[in-house]
Amino acid sequence: MNTRAIIVVTMLLFLAIATIFAQRTNVQARKLQLALYAIERLYVDTTSEVKLVEDAITGMLDNLDPHSTYMDPEETREMNEPLQGNFDGIGIQFNLLTDTVYVIQVIPGGPSEKVGLIAGDRIVQVNDTVIAGVKMRTNEIMRRLRGPKGTEVRVKVKRKDVPELLDFKITRGKIPVYSLDAAYMADKHTGYIKLNRFAASSADEFREAITRLKKEGMRDLILDLQGNGGGYLNIAIDLADEFLDANKLIVYTRGSKMPREEAVSTARGDFEKGRLVVLVDESSASASEIVSGAIQDWDRGVIVGRRTFGKGLVQKPIPLPDGSMIRLTVSRYYTPTGRCIQKPYDSEHLEDYHRDLIERYNRGELMSADSIHFPDSLQYNTLTTQRTVYGGGGIMPDVFIPVDTSRYTDYHRKIVAAGIVNRISMNYLDEHRAELTGAYKKFSAYERDFHVKDTDMMASLRTMADEEDIPFDEAQYTRSRPLIELQLKALIARDLFDMAEYFHIINADNSSYQKALEIINDNETYQRLLGE
């Protein structure tokens, strides 16, 4: 058979396969269409075509894996907004306390600052809708405040010591969403950066922070990824690239229908030298695990904390015509040594997967590293010093830090759940804002000189807890009091200064942070942990 004949036969074979596949697909598609048609035309009660279709899609995805999901148009917008780096709105940060919108901060240069809103204002009405005292949900309030850039919204505000409501007309604008919560010098030579997600702007925010901290004398870095649930893959790759020399594998992905794809570091990193400690916990997931896994596999830094979540399934967004979206799992993440980040799951028992963190707690894993056991088959060796690391889902830290339960009591949990700690800090700010801003021009003075124990806040807290029918327990109150005082001081600092100052104070009670400082300032320990 000549070459031309072979080509013709091959083309005919491919055409036959494609026809069979199309016919098979059409049969299944027609089954779905016929079922939908029958329900719409014959079912005994009224039905919604939209809901039927959404339920069918959700039902299919629910039987695949834990992270393939369907999102309606509103859910799609809410998911994308924090990752895209900006949204259209009025430019405030607020808390919803006792059914009232309390302005925590006004974004500098934003629409609200331009018209005169200030921290401490309470928004009681948006356009013609009263939003105070009506038990409105936070997303409903946000929907009323946000809107396309250039549109107007009228708000009525209650301000302390002003008897009448103040009326503001605000023209909405583009509001930045920051993913970097804090960047400051932890000591003379150690910088600290906390990232809350991997958004479109995260790599740029990180580089700006690194540049500033280096000017302040930073030689070493603590990168805090605790509670960071992930985000964009390309941003995780960009961030890992900041720490690694050129031509090092950062992560690769592979699926049954997706070929292996690799991401490799470049020579452009801004922090390829200097000691590095990365903080992680059981809520650090996905992109956080890519970064910490690459750093661990290349022996670039020390990982401190607890085993990460174990989310290593890659989702491809599939937009649908009505603005909804399917996030379909198409492959898995693997660290440079070949460890699969995804923890095991059984598609027939996905409820067990979602209970994993509870089971970790019940097994004692969050309290003791001795309760974590890895079979020999899950052992891997790092790529520079050949240290032993483990697969099996998530990233196991080099230094384990148990959950600190010494100050957490039922009394503390109840007052936090009731919003009392937040309300006390805001009430105190209402009464003393002018005094505080006058006395503490710089954060260093506030950190050094302001003490909650010198105020009447704790007495007010006990009174408010009694009013909420939270039984007082002397032993639990005494045990939790140092933590409550620290939280109050940090919340006030956030309002007076910024989020970075909040973490500067609250990290005094963060065991992982304290251990990171200890390691990074002890060269012998740091090198030993990296197997050098």
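The legends below describe an overview and several close-up views of a predicted model.

**Figure 1. The whole chain, with its confidence.** The predicted chain has 532 residues, and 47% of them are buried. It contains 18 helices and 21 strands. Its C-alpha atoms fill a box of roughly 95 × 70 × 45 Å along the principal axes. Take the contacts between residues at least 6 apart in sequence: 69% of them join residues at least 24 apart. Mean pLDDT is 88, and 93% of residues reach 70 or more. Residues 5-14 are another matter. There pLDDT stays under 50, and the model has two contacts beyond four places in sequence for this stretch.

**Figure 2. Helix H6 and its buried face.** H6 covers residues 202-215, 14 residues in all. From first C-alpha to last it reaches 20 Å, close to the 20 Å expected at 1.5 Å a residue. Ser202, Ala203, Glu205, Phe206, Ala209, Ile210 and Leu213 are buried. Seen down the axis of H6, these buried residues fall within an arc of 155°, so they line one face of the helix. Glu208 and Lys215, on the other side, are exposed.

**Figure 3. What surrounds H6.** Gly217 follows H6. The phi of Gly217 is positive, near 105°.

**Figure 4. An aromatic cluster.** Ring pairs link six residues here: Tyr428, Tyr440, Phe443, Tyr446, Phe450 and Phe497. With ring centres within 6.5 Å as the cut-off for a pair, the count comes to 18 aromatic pairs.

**Figure 5. Charged side chains over rings.** Lys248 lies over the face of Trp298, 5.1 Å from the ring centre. Arg462 places its charged end over the ring of Tyr477. The distance to the centre of the Tyr477 ring is 5.4 Å.

**Figure 6. His412 in helix H11.** His412 belongs to H11, which spans residues 410-417. Its relative accessible area is 4%, so His412 is buried; the cut-off is under 20%. Leaving out residues up to four places away in sequence, His412 touches Ser480, Leu483, Ile484 and Gln487.

**Figure 7. Tyr345 in a loop.** The loop that holds Tyr345 runs between strand S18 (325-334) and helix H9 (350-354). At 27% relative accessibility, Tyr345 is partly exposed. Beyond four places in sequence, Tyr345 touches Leu64, Asp65, Pro66, Leu313, Arg332, Leu350 and Tyr353. Asp356 is eleven residues from Tyr345 in sequence. Their C-alpha atoms are 9.9 Å apart.

**Figure 8. Two loop residues with positive phi.** Most residues other than glycine have a negative phi. Asn127 has a positive one, near 50°. Asn127 sits in the loop between strand S5 (122-126) and strand S6 (129-130). Its relative accessibility is 36%, so Asn127 counts as partly exposed. Ser286 also has a positive phi, near 55°. Ser286 lies in the loop between strand S15 (276-280) and helix H8 (287-297). Ser286 is buried, with a relative accessible area of 6%.

Methods. Residues are numbered from 1 along each chain as its sequence is written. This is a predicted model: local features need pLDDT of at least 70, side-chain atom pairs count only at pLDDT 80 or more; totals for chains, interfaces and linings use all residues. Side-chain values use heavy atoms; hydrogens and water are left out. Helices (H or I, at least four residues) and strands (E, at least two) are DSSP runs, numbered from the N terminus. The expected span of a helix is 1.5 Å times one less than its number of residues. Buried means under 20% relative accessible area, exposed over 50%, partly exposed in between (1.4 Å probe, protein chains only). The arc is that of the directions from the helix axis to the C-beta atoms. pLDDT is the predictor's confidence in each residue, from 0 to 100. Contact means heavy atoms within 4.5 Å. Rings of Phe, Tyr and Trp (its six-membered ring) pair if their centres lie within 6.5 Å; planes under 30 degrees apart count as stacked, over 60 as edge-to-face and the rest as tilted. A charge sits over a ring if NZ of Lys or CZ of Arg is within 6 Å of the ring centre and within 35 degrees of the ring normal.
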